[in-house]
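Good morning, and thank you for coming. I would like to take you through one structure, region by region.

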Amino acid sequence: MTDERPDPLIALRPWEAPEVTSWGRLPMNAVDRRPGAVVLDGDWRFQLLPAPDAPLGEVWSSSYVPGVWTVQGTDDLPRYLNVRMPFAEFPPHVPAADPTGVYERSVDVPAEWAGRRIVLQVGAAESVLLVHVDGRPVGISKDSHVAAEFDLTGLARPGERATVRLTVVKWSDASHIEDQDQWWHGGITRSVLLYAVDPLHLADVTVRARRDGDLRVDCRVRDTGGALPEGWYVSGELEGHLLTQDAEFDRANAEDERVSGFLGEARLRATVPAVRTWNAETPELYGLTVRLHRADGTIADTSRHRVGFRDVTISGRDLLVNGERVFIRGVNRHDFHPLTGRTVTYDDMRADLVLLKRFGFNAIRTAHYPNDPALYDLADELGFYVVDEADIESHDHAHEVADDPRYLSAFVDRVARMVLRDKNHPSVIIWSLGNESDYGANHDAAAGWVRRHDPTRPVQYEGAAKRGWADPDVASDIACPMYAPLEDCLAHAMSGTQTKPLVQCEYSHAMGNSNGTLADHWEAIETTPGLQGGFIWEFWDHGILQRVNDGRPAGRGGAGLYDNGVAAPGHRWAYGGDFGETDHDGAFIADGVVFPDRTPKPVMFEHREIAAPVRIESFRHEGVVLGNHQHFRGLDWLAGEWELSLADGTTLTAPAELPELRPGETASVPLPLALPEDGGEAWLTLRVTTARDEPWAPRGTVVCLPQVRLRAAFPPAHTRVPDGTVEVDEDGLLVHPLLTAAPALSLWRAPTDNDELGGMAARWRDWGLDAPARRVVSVRREPGRVAVVSDYLCAGGTVRHEQVLSAVADGLFVEECAELPEALYDVARVGTVFETAAGLNLLEWFGQGPWESYPDRAAGAPVGHHRLPVDELFTPYLRPQESGGRHGVRRFTLSAPDATGLAVRLDRPRQVSVTRHRAADLAAVAHHDELVPRAGCVVHIDAAHRGLGTASCGPDTFASYLVPAGVHRWSWTLRVL
Ligand code: IPT
């Protein structure tokens, strides 16, 4: 096919025309045409042009649809920038070099489609789509994350072969409003379909189902021929029960001269008695079939829907679902995949949601564009509250665009198309006008459209809420800030001026080892009227699987080349800068609660516990008080088992009988196990699992592990009689057969992303805490005892460290003290570090676990007896950083397979880590695959360890989790096994 005449779609230069949102595109609707469609996915002929108006070449390669060309072997590679645009031009302009993919394939149009209306649906293309059939221009579409449909009737002839060409222009005026914090790609990211309908067809179906069982179904009917044929009608059936036609509606239409024979509208109604309502805990759905009939009763068109009966309302400052003030335990979700970049399958999305359910999430914000349509089907089915967000983010040029009338139609178009597409999903409870686009008249226009079209749901927009959380005049019914300090939220809730529900659209930034203070946030949310939750930023670490040798994305060929969050040898998880971009935002793209392969990060376990549906409220001698913390469900879907962990190393178990409790109720159950008299510290855990198969979890899946302490530890014995000898070298460093590096003072950790971006890491480096010089002040040898005083000289000040090593009956007793000058006011840690000989590969400990925990992220790691191979203790964050810590450790052993090794007992619960890496090893590399594990173990015992916070984007940890200057004391014993 050659282009001889100028192509009008090209001549128009729609990629620099924000006024052109589409041309020849059909209106969006909520009729699902996937069943029965011809799916055009697969390899298409492909050319990547340097610009949209560049001539087509002779040579075609191929590209897989749906997919982005940026991971399919072209030289146009993925690129990561957050706020900044990848080019300098101002809106609506783009660079002359503008990669443009031309996709072409022939399609055999089924002969049986004769006389029918034929429609092409392109699931998503970024950022401008131009459609040609057999060389003839068909249409244009923008709005990269919502489908575009084109009427091909008369162009694609039944029984013949047609050539479909989809030209996708990467940079456009629309890129300026699709400046989301994610990789830039180009391509067709969702399926392409061809389907046929009767000329008389359902143009749209709008379902409204209320919690009182009232069902209203509004149908729009069109005929491709123009005027509607006489006598058409619609019928509806809800699980075998026929809907009635709303005669009043028909009569009013008949009398309304605005309603013509061209615009067909019909309304069906039903009242479902004893309706099973929809909510995220019990997502009850009813099957609805809507049929359009010709006058003779034959069926012209059918549309199937799943209906959830539920109400969303705002009452005062409470967001209510079915009258209940539900907590929003949300996460922000992108369509992301480590191999395809953007394209996700039904199974991928199901796996996302199943995982989120298992970890206690009940809400999703589709950041920052409408997600794949199947996600909403799954959210309806599995039970999630969805904040559906329009594809608008003009971050870099936010202020210029928000009031620019050239972008007005794009704003309204994008919001309207989302609403028209997703309005029938019970899961969608709130419409969002987009993200980070300042606030202007274009937003108000879009909000006006939604409020008129769908008065059943609130509207939110962070940029508007920012003008004032209680401002009645802005386009946000929800106060939905991002990264607001908890004290600001509390102050607002207690100010007496709050008028809107406060649900943070983003909070607790999950970059690297993060999400400190999540439990503190939830403690406040659950106890403060006016606070209702929020959406963690974000679900995914967007690492793209990359071959290390040639720097190319592995693409679909990389299937299976990763496991447990780690890329296979020769591969790594690429982040910003890894594809040779000079301008990029680095690892800021790796900020999810799951690794790129969906392996949960430790924060997921923290979240699971924070969201526990059943909790131990308190313990008194007569029993344990249990509470149901759900909104709608009883406890009958849960099973339990008691575990009693005793300091002597034993764990006793007993079956648990969960009481019948309605939401919000509590009940006392007798103590299930007798507490032995002499066991010291004792912890009771209720292991809660699913009692039967749930759609998102097989029977027996752990739901939560609430815990209560039954008895505190005995105070440690203080007097230690020297017994034996202690050997130190001339520097006063312990000589020990199993240690390759003697216990020394540690004041530093490999900076986390929060430490780096929050500025702490730079300060610590300026202070020289990463490599202080140790100067021995004195070594005092006594029988069975050595006291060593040394100074750790840092640029920021000198830390005096005293270490007294005593040989005692059960090994070596180490008493330590460090005094930090006032100038070192907020350091990473104060504690001991030592290294062991190779071969000690198993850690067993009594303390919190089994997963990683830190002082401000330790609510989800129960105290107990845990054991893990050393190699499994470390969390492989994409950019290596402090990792693998365990909080509240009382004692541990580190042993070889023959049970030889070390045993350490701590004076009180301490932060401990055992890994294969020194802090400096971690800090020296940029990617996990560059780490070379040491043969022995690097062991840290911390008297104090700084919380993690979320300072990479948002508030730092609280003052109570900081390591203060001044005197720190700790002691421990070391015994050879
Ligand atoms: C905010 C964005 O909305 C989100 O997309 C992401 O970038 C997040 O922060 C950080 O990862 S914007 C930020 C400048 C507050």
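This is a predicted model: local features need pLDDT of at least 70, side-chain atom pairs count only at pLDDT 80 or more; totals for chains, interfaces and linings use all residues.

**Phe361 and its surroundings**

Let us begin with Phe361, which is in contact (heavy atoms within 4.5 Å) with Arg329, Gly330, Val331, Leu356, Phe384, Ile536, Met604 and His607, leaving aside its neighbours within four places in sequence. Residues are numbered from 1 along each chain as its sequence is written, and side-chain values use heavy atoms, with hydrogens and water left out.

Phe361 sits in the loop between α3 and β27 (363–365); helices (H or I, at least four residues) and strands (E, at least two) are DSSP runs, numbered from the N terminus. Is Phe361 buried or exposed? Its relative accessible area is 2%, so Phe361 is buried. Here buried means under 20% relative accessible area, exposed over 50%, and partly exposed in between, with a 1.4 Å probe and protein chains only. Tyr385 is 24 residues from Phe361 along the chain, and their C-alpha atoms are separated by 9.6 Å.

**Confidence**

The pLDDT, the predictor's confidence in each residue from 0 to 100, averages 96 over the protein chain, and 99% of the residues score at least 70. Confidence is highest in strand β28 (residues 385–389), at 99, and lowest in helix α2 (residues 247–255), at a mean of 90.

**Helix α4**

At the start of α4, a side-chain oxygen of Asp372 comes within 3.0 Å of the backbone nitrogen of Ala374. Just after the helix, Gly383 takes a positive phi of about 95°.

**The ligand**

Which residues are closest to the ligand? They are Asp181, His368, Asn435, Glu506 and His509, and 14 residues surround the ligand in total, each with a heavy atom within 4 Å of it. By class, this shell has five nonpolar, five polar and four charged residues. One oxygen-to-side-chain distance, to an N or O atom of His368, is 2.6 Å, and an N or O atom in the side chain of Glu506 is also 2.6 Å from an oxygen atom of the ligand. For His509, a polar side-chain atom lies 2.8 Å from a ligand oxygen. Taken alone, the ligand exposes 380 Å², and the protein buries 86% of that, as given by the Shrake-Rupley method with a 1.4 Å probe.

**Two further residues**

Thr74 is found in the loop between β5 (67–68) and β6 (79–81). Thr74 counts as buried because its relative accessibility is 12%. Beyond four places in sequence, Thr74 touches Phe46, Leu48, Trp69 and Arg552. A polar atom of its side chain lies 3.1 Å from the backbone oxygen of Trp69.

Asp444, by comparison, lies in helix α7 (residues 441–453) and is partly exposed, with a relative accessible area of 39%. Not counting residues up to four places away in sequence, Asp444 touches Tyr439 and Ala475.

Definitions and conventions: A polar contact is a pair of N or O atoms within 3.5 Å; within protein, one must be able to donate a hydrogen and the other to accept it, and residues adjacent in sequence count only if both atoms are side-chain atoms. Ala, Val, Leu, Ile, Met, Phe, Trp, Tyr, Cys and Pro count as nonpolar, Asp, Glu, Lys and Arg as charged, and the others, Gly among them, as polar.
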